[in-house]
Amino acid sequence: MTHTIEEIARALGTEALGDVSLTIRSAAEPGSAGPDDLALAMSPKYAEALNGGKARAAMVWPGADWQAMGLAAAIIAPRPRMAMAGLTRMMDPGQGYGSGIHPSAVIDPGAEIGIGVSVGPLAVICAGAQIGAGSVIGPHCYVGTDVVLGENAFLREMVSIGARVRIGARFIAQPGARIGSDGFSFVTPEVSAAENVRKTMGDQGEARAQSWLRIHSLGAVRIGDDVEIGANATIDSGTIRATEIGDGCKLDNLVHMGHNVRTGRDCLFAGQTGISGSVEIGNNVVLGGQCGVVDNIFIGDGAIAGGGTKILSNVPAGRVLMGYPAVKMETQTEIYKAQRRLPRLMRDVAALKKAVSKLGSTE
Amino acid sequence: MTHTIEEIARALGTEALGDVSLTIRSAAEPGSAGPDDLALAMSPKYAEALNGGKARAAMVWPGADWQAMGLAAAIIAPRPRMAMAGLTRMMDPGQGYGSGIHPSAVIDPGAEIGIGVSVGPLAVICAGAQIGAGSVIGPHCYVGTDVVLGENAFLREMVSIGARVRIGARFIAQPGARIGSDGFSFVTPEVSAAENVRKTMGDQGEARAQSWLRIHSLGAVRIGDDVEIGANATIDSGTIRATEIGDGCKLDNLVHMGHNVRTGRDCLFAGQTGISGSVEIGNNVVLGGQCGVVDNIFIGDGAIAGGGTKILSNVPAGRVLMGYPAVKMETQTEIYKAQRRLPRLMRDVAALKKAVSKLGSTE
Amino acid sequence: MTHTIEEIARALGTEALGDVSLTIRSAAEPGSAGPDDLALAMSPKYAEALNGGKARAAMVWPGADWQAMGLAAAIIAPRPRMAMAGLTRMMDPGQGYGSGIHPSAVIDPGAEIGIGVSVGPLAVICAGAQIGAGSVIGPHCYVGTDVVLGENAFLREMVSIGARVRIGARFIAQPGARIGSDGFSFVTPEVSAAENVRKTMGDQGEARAQSWLRIHSLGAVRIGDDVEIGANATIDSGTIRATEIGDGCKLDNLVHMGHNVRTGRDCLFAGQTGISGSVEIGNNVVLGGQCGVVDNIFIGDGAIAGGGTKILSNVPAGRVLMGYPAVKMETQTEIYKAQRRLPRLMRDVAALKKAVSKLGSTE
């Protein structure tokens with residue numbers, strides 16, 4: 001599918017200049033763009049590479065001298081990544097799953113399939129499941145008993161959704177995402193060493209070795225509208241009530257959400273981040289990659305943590321965090337600097353001790 | 001399925017008080033409990049919320065004044081999470097997989113399927129596999145060649161088990177768990193830079209750039225009784241002998257077990273923890289979430305590590321650990337405190353240097 | 001399949017001694033080896049265990065007195081792990097997937113299947129996909145639209161490959177590996193708090209709460225020859241161009257590769273390591289388990305990082321790293337030592353302050 005420069009600019013709500021009737025097939029990096037591509041040159045750094053490619057049109061920054069770059073047309077992108085959102089949506093060729101219900105899919109007669117739903121080969125949809133209109137159930141997907149899935153969901157291949165999970169509109173799940181696995185919750189008949197350690201911060205006490213008994217997950221998972229879950233990410237079911245992911249949250253690949261977690265809206269959890277059981281998270285929280293959050297704490301609205309941060313205690317709203325254990329990012333930056341100077345500090349203190357001892361003895 | 005208060009208390013081995021003939025449909029949090037729910041109010045903190053719900057019966061702590069809470073009946077829970085284990089087991093509605101062998105399952109005629117086994121839609125069971133009586137093979141599961149799976153296994157959807165893996169009784173696997181992937185084991189023809197670095201702790205030496213040759217995994221995985229593996233967790237096969245997971249071990253979501261790992265019984269590995277190749281782990285070891293263990297070391301019986309701990313050397317039995325690199329938890333707590341005061345310490349030492357220098361010069 | 005000692009030694013390019021016509025069924029650890037096994041006793045430490053087994057032949061180190069160990073034959077292994085690569089390749093019994101196209105596989109008529117390809121039960125191959133000669137597509141695999149897969153690929157069960165991914169020869173993917181999931185790329189209409197934090201290293205600024213808009217992934221993934229991807233690992237598609245994994249790279253289980261990442265050849269990424277978006281990685285880079293790399297940086301040729309290292313800035317070629325944040329391994333070793341002495345250092349400085357203050361006052 002092709003678009004004219006004018007159509008693209010209109011869709012993005014930005015300005016088009018030059019020969020706006022030029023037709024575009026796809027987007028490309030400046031150096032590898034062909035004559036039918038829209039080159040992405042939203043900063044001077046990328047504009048230079050235009051010479052190596054054959055683009056006739058580019059998306060450029062406000063004020064760029066696009067004619068001097070040898071272009072016939074240009075789209076102005078005042079906020080480049082925002083323009084990318086619109087542009088990539090228009091240009092996305094999709095996965096090519098095809099429409100309709102594939103004959104190899106196994107759909108229980110007790111499932112309710114909405115209008116315009118497509119179901120890929122070898123997908124399974126169980127009794128009582130309700131699939132919202134316009135949804136795409138990818139190949140090899142599993143939608144469990146009594147699941148409610150909102151309108152216009154898009155499940156990539158091999159996604160699984162456990163029994164009784166409820167999901168809002170426009171849900172996106174990447175390959176291998178697991179929604180509604182059982183929570184990791186075990187107990188020993190008597191107080192365990194691990195329980196003692198948590199209380200004493202280090203002392204095992206007198207607990208004897210015991211085996212673990214399982215606490216089953218009776219709750220499922222409830223997910224709001226406009227949520228996206230990454231490849232091979234996992235969201236555990238709640239123990240009594242559902243684990244809850246708020247509207248607009250985005251979870252990256254291999255993210256883990258423990259049982260009973262509750263998040264607000266519009267949170268971002270980057271790759272391999274893990275949230276332990278019963279954590280309460282506010283709105284607009286952003287956790288970088290490989291963050292970890294200990295169980296049973298809360299993280300206030302708008303908190304932000306850098307990659308690798310391990311959060312071991314409650315976080316007030318608006319706090320910016322880093323480190324293991326997490327402290328304010330500015331404190332952590334100071335700590336890092338100090339750490340690198342630690343070996344030298346050690347030597348300084350040793351020298352001081354000698355000097356002071358000498359001073360003392362010469363008094 | 002409903003149960004009377006009396007039946008529940010008897011099953012849990014605890015005391016029931018009041019109108020013990022009340023029938024219960026499910027468990028609920030106090031604030032959202034309906035008249036047929038058993039409210040969970042095992043501490044005073046939760047009891048207050050009973051007013052917001054409609055529960056007639058609750059599980060309460062020993063000595064609670066349940067009548068003053070407006071309840072008609074109560075079950076006493078001296079160890080709340082222990083009571084939860086029994087209660088949630090009784091109340092678990094399950095995944096609704098259905099019984100019998102689904103016609104879409106692909107079962108090799110050379111597989112032995114025990115009595116009462118159910119096999120979900122589109123599951124694959126290979127030649128030589130033996131499935132113990134009463135086991136549930138979920139939808140889209142894969143059970144490889146010559147796998148032995150004990151009695152009463154429960155495999156959630158999309159679990160895969162590689163060739164020759166042997167698993168004991170009552171195995172539970174969450175969606176997407178991978179048992180018996182090949183070990184990550186590679187070698188270069190000549191000594192590699194990475195080998196030099198390991199020996200010298202930092203020096204690459206003179207190694208030249210080389211490609212990696214694969215060491216295949218001839219061993220498989222052997223898993224004891226009563227083991228549970230989390231969603232999308234992975235357990236690699238051993239190189240010559242099997243990787244071994246002892247009786248009663250529980251692995252959370254996204255946990256990784258490298259090739260040749262051997263664990264004792266009743267260990268707990270929380271979410272996203274990773275164990276490198278050839279690690280030997282004792283009994284009753286508990287590792288919090290996102291722990292890491294370097295290859296070829298041992299961890300003694302009853303060792304416990306807090307979330308995020310990176311274990312880089314052998315751990316004696318009974319040790320409680322924290323930090324990167326792992327040290328005794330009490331030491332780590334001291335280090336954390338000291339770290340936060342590091343920037344101030346830097347300033348103090350600088351001031352001391354000045355003062356001492358001045359003292360020295362005024363002598 | 002059996003092999004004589006002579007055949008094995010010839011295949012490994014090493015020396016055989018004694019009764020080289022002995023036939024071997026499989027490899028075994030010295031203590032559990034039977035009379036038809038080749039015991040692996042490549043160091044004196046393992047040789048002692050031979051007494052506990054029944055091996056008649058062993059692989060031993062150069063100069064070992066194999067006759068004194070009671071063996072009838074021996075293979076000399078000057079570089080033990082190198083010998084293991086060859087030996088395990090010969091002895092690998094495989095997964096037993098069987099040959100040919102399983103009738104339950106769903107193969108689009110528009111797919112091109114090379115000579116000698118086998119396709120397991122319930123695999124899906126989409127229109128436009130090209131499968132190279134001799135490849136094995138395991139059970140439950142998914143090969144997307146227009147995927148190009150080179151010769152002699154081996155896909156274990158439940159691997160998924162998204163649309164337009166291109167992969168070289170001899171590709172190996174472990175169970176549940178995900179190639180070509182969509183990148184994790186979101187933007188807010190106006191500057192977000194997270195953007196401010198990145199710039200200021202800690203200050204959220206005045207950004208208001210906003211929802212996230214998705215940037216779609218138009219690029220796919222391009223993978224070189226001789227690449228192996230671990231179980232449940234994930235590789236995201238690029239935004240405009242493809243994410244690229246160079247020839248000979250090996251990714252362990254649960255590794256995450258973000259969108260637009262580009263790696264050179266012969267890199268090794270151990271378990272649970274995560275690479276954020278748009279990272280450029282050179283050749284022969286080795287990252288231990290649970291490493292993390294922040295987005296938009298580069299890592300030079302031959303860089304090596306120990307397990308758990310979090311790389312937050314550019315890395316020059318040949319650098320050896322450790323820690324969070326990553327510093328030179330030798331620096332980190334010094335920091336670790338100093339950290340453990342921190343509590344004592346705190347006390348020393350406090351004592352010094354007192355002593356200096358006293359000296360000052362007695363002047």
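**Entry 1: cavities**

By cavity I mean a set of points, on a 1 Å grid over the protein atoms alone, where a 1.4 Å probe fits but cannot get out; lining residues have an atom within 4 Å of a point. Grid points are joined across faces, edges and corners, and a volume is the space filled by probe spheres set on the points.

I noted the conventions: residues are numbered from 1 along each chain as its sequence is written, and chains are lettered from A, and ligands numbered from 1, in the order in which they are written. In this predicted model, local features need pLDDT of at least 70 and side-chain atom pairs count only at pLDDT 80 or more, while totals for chains, interfaces and linings use all residues; side-chain values use heavy atoms, with hydrogens and water left out.

**Entry 2: the largest cavity**

The largest cavity holds about 350 Å³ of space. I found 27 residues in its lining, and those closest to its centre are A:Tyr324, A:Gln339, B:Gln339, C:Tyr324 and C:Gln339. Helix 5 of chain A, helix 5 (329-340) of chain B and helix 5 (329-340) of chain C each supply at least two residues of this lining. Helices (H or I, at least four residues) and strands (E, at least two) are DSSP runs, numbered from the N terminus.

I sorted the lining of the largest cavity by class and recorded 15 nonpolar, nine polar and three charged residues. Here Ala, Val, Leu, Ile, Met, Phe, Trp, Tyr, Cys and Pro count as nonpolar, Asp, Glu, Lys and Arg as charged, and the others, Gly among them, as polar.

**Entry 3: the second largest cavity**

I recorded about 160 Å³ of space for the second largest cavity. Among the residues that line it are A:Lys310, B:Lys310 and C:Lys310, as well as A:Leu254, B:Leu254 and C:Leu254. Its lining divides into three nonpolar, six polar and three charged residues.

**Entry 4: chain A and chain B**

I then turned to the contact (heavy atoms within 4.5 Å), which takes 83 residues from chain A and 82 residues from chain B. The two chains bury about 6,200 Å² between them, 63% of it on carbon and sulfur atoms; buried area is the accessible area (1.4 Å probe) that two parts lose on being put together, summed over both. In chain A, the residues that lose the most area to chain B are A:Phe184, A:Trp212 and A:Tyr324, together 12% of what that side buries.

I found five salt bridges across this interface, a salt bridge being a side-chain nitrogen of Lys or Arg within 4 Å of a carboxyl oxygen of Asp or Glu. A:Asp348 forms a salt bridge with B:Lys353, with the closest N and O atoms 3.0 Å apart.

**Entry 5: chain A and chain C**

This contact takes 82 residues from chain A and 83 residues from chain C. I noted a buried area of about 6,200 Å², of which carbon and sulfur atoms give 63%. Five salt bridges cross the interface of chain A and chain C, and in one of them A:Arg79 meets C:Glu195 (2.6 Å, N to O). Among the elements that give two or more residues to the side of chain A that touches chain C are helix 3 (80-91) and helix 6 (342-362) of chain A. Helix 6 of chain A gives the largest share of that side, eleven residues. By class, I recorded 38 nonpolar, 25 polar and 19 charged residues there.

Note on methods:
1 Å grid on protein atoms, 1.4 Å probe; cavity = no way out; pocket = protein on both sides within 12 Å on 5 of 7 lines; lining within 4 Å.
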